[in-house]
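This briefing is for a reader meeting the structure for the first time. It covers open space, nonpolar packing and aromatic rings.

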Amino acid sequence: MNPDLQANAKEILDRVRSAAEQAGRNPDEITIVAVSKTFERALMDQAYGLGFRVFGESRAQELRQKSETPFPADAEIHFIGPLQTNKIRQILPHTHVLQTVDRKRLVNALAKELEKQQRSLKVMLQVNVSGEEQKSGVAPEDASALLKHTISTYGLQPIGLMTMAPYGADESSLRDVFRRLRELRGELQEEHQVDLPALSMGMSDDFEIAIAEGATHVRIGRALFGTRE
Ligand SMILES: *Cc1c(COP(=O)(O)O)cnc(C)c1O
């Protein structure tokens, strides 16, 4: 067992718990997505041994390689990276939730493959709340149309929204981004009469703020596994 991993895990669980309690929320509502991209499969297995069940991967090829040894049946992989349509078939067998649906073309390509395989897939819409040009994600004003399309398309089950906050922004801007995602979720639920329980927001440096603003999924890489190469 990697001693740092064990210590980091304990610290993160404590911090998630106290952030939830401070916000008057039940810590059990919050899923830690252990972002294992770039880290070895062996480290994921150790994290599983410490109780983590949900892992975040962002590269199709890497996910396929790590899946050569099957994951335990109760482990869950969330794909959190940008997804090209030609990689769909590579990730589908190993992905439980796709957090990065951001365009109609991707929805259509996913539906085509899902229909072929007669299966469904839980998805989140990735929203570019901060409007930074280099970020992927649907613009907030286009999220409603994308959700409508997703709902009406074969096999995709929308369960919520995901966003990435601007890197290195101050606390109040971060809070603003997270709050806007939560408000958008409320508007979309109302407009489309669907349940969107999941709000995936917050990473190693800002997950406590995200929890205060309603995050149900925090995506934590470095704070758990250590610095990435
Ligand atoms: C890498 C990544 C994370 C985790 O980032 P850390 O800073 O390592 O916690 C979260 N979300 C997405 C989409 C990522 O690509």
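A pocket is an open set of grid points where a 1.4 Å probe fits, with protein on both sides within 12 Å along at least five of seven lines. A volume is the space filled by probe spheres set on such points. The model described here is predicted.

**Largest pocket**
- The volume of the largest pocket is about 620 Å³.
- Its lining consists of 29 residues, and K37, M164, A165, M203 and R219 are the ones nearest the centre.
- By type, the lining of the largest pocket has twelve nonpolar, nine polar and eight charged residues.

- In soluble globular proteins, nonpolar side chains tend to be buried together.
- The largest nonpolar core here holds 62 residues, with L98 and L224 making the most contacts inside it.
- Apart from this core lies another of five residues, including V97, M124, I159 and M162.
- Leaving out residues up to four places away in sequence, L98 touches F79, L83, I91, L110, L121, K122, V123 and M124.

**Aromatic rings**
- One aromatic pair is found in a search of the whole structure.
- R41 lies over the face of F71, 4.0 Å from the ring centre.
- R53 has its charged end over the ring of Y48, at 3.6 Å from the centre of that ring.

Technical notes: Residues numbered from 1 in each chain as written. Predicted model: local features only at pLDDT ≥ 70, side-chain atom pairs only at ≥ 80, totals over all residues. Heavy atoms only, no water. 1 Å grid on protein atoms, 1.4 Å probe; cavity = no way out; pocket = protein on both sides within 12 Å on 5 of 7 lines; lining within 4 Å. Nonpolar A, V, L, I, M, F, W, Y, C, P; charged D, E, K, R; others polar. Phe/Tyr/Trp six-rings, centres within 6.5 Å; stacked < 30°, edge-to-face > 60°. Lys NZ or Arg CZ within 6 Å of the ring centre and 35° of its normal. Core = buried A, V, L, I, M, F, W, Y, C linked by side-chain atoms within 4.5 Å. Buried < 20%, exposed > 50% of the residue type's maximum accessible area, 1.4 Å probe, protein only. Contact = heavy atoms within 4.5 Å.
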